[in-house]
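Please consult the sequence and the 3D structure shown here.

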Amino acid sequence: MPQYNHVLLALDGNPGPGAGGAPRGRAEERPVTIGAGVGAGAESPGGLLGRLATSRSGRDAGAVYLVIGAESATVVLVADGRHRSVKRPKRKNVKHLELGAIFPAVAERLAGGPPLTDEELRATIAAAAPSRMTDG
């Protein structure tokens, strides 16, 4: 008789110990901080909101984004209004970004004002293009 090396699952759907755990959630299910601590320092997740950021690594190296949210102290959400919309931001590690000027009006809108649109995001990035990476 042939031998089979199958793992049987319990009837309740629990795979048991050592089977990997819960699947990774989608972006809508992750905890996201938007606007917490807008006036805080640049090291805090909220202090990064509204900052211009250039990708230093990855397939998008050199792309210019705006920080529109924070998942943790090291992971932020960035968007450019074209390839990455406000509704579908890219997760990016802070150490893979070169941070630039901050736009207080955008930070205030992200903190609790009316939602930011892709057109406004593109206009902000375009306005910052000549002085792209100066601290403000």
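The sections below treat the basis of the values and then individual salt bridges.

## Basis and criteria

The model is predicted: local features need pLDDT of at least 70, side-chain atom pairs count only at pLDDT 80 or more, and totals for chains, interfaces and linings use all residues. Residues are numbered from 1 along each chain as its sequence is written, and side-chain values use heavy atoms, with hydrogens and water left out.

A salt bridge is counted when a side-chain nitrogen of Lys or Arg lies within 4 Å of a carboxyl oxygen of Asp or Glu.

## Pairs involving strand β4

Lys-92 and Asp-60 form a salt bridge through their side chains, with an N to O distance of 3.0 Å. Because Lys-92 belongs to strand β4 (residues 90–93) and Asp-60 to the loop between β1 (51–55) and β2 (64–70), the pair ties together parts 32 residues apart in sequence. Helices (H or I, at least four residues) and strands (E, at least two) are DSSP runs, numbered from the N terminus. Both Lys-92 and Asp-60 are buried (under 20% relative accessible area; exposed is over 50%, partly exposed in between; 1.4 Å probe, protein chains only).

In a further salt bridge, the closest N and O atoms of Arg-91 and Glu-71 are 2.9 Å apart. Arg-91 lies in strand β4 and Glu-71 in the loop between β2 and β3 (75–79), 20 residues apart. Arg-91 is partly exposed at 34% relative accessible area, whereas Glu-71 is buried at 16%.

## A pair between helices

Arg-109 and Glu-120 meet in a side-chain salt bridge at 3.0 Å, N to O. Arg-109 is in helix α1 (residues 104–112) and Glu-120 in helix α2 (residues 118–128), so this pair ties together parts eleven residues apart in sequence. Arg-109 is partly exposed at 24% relative accessibility, and Glu-120 is partly exposed at 33%.
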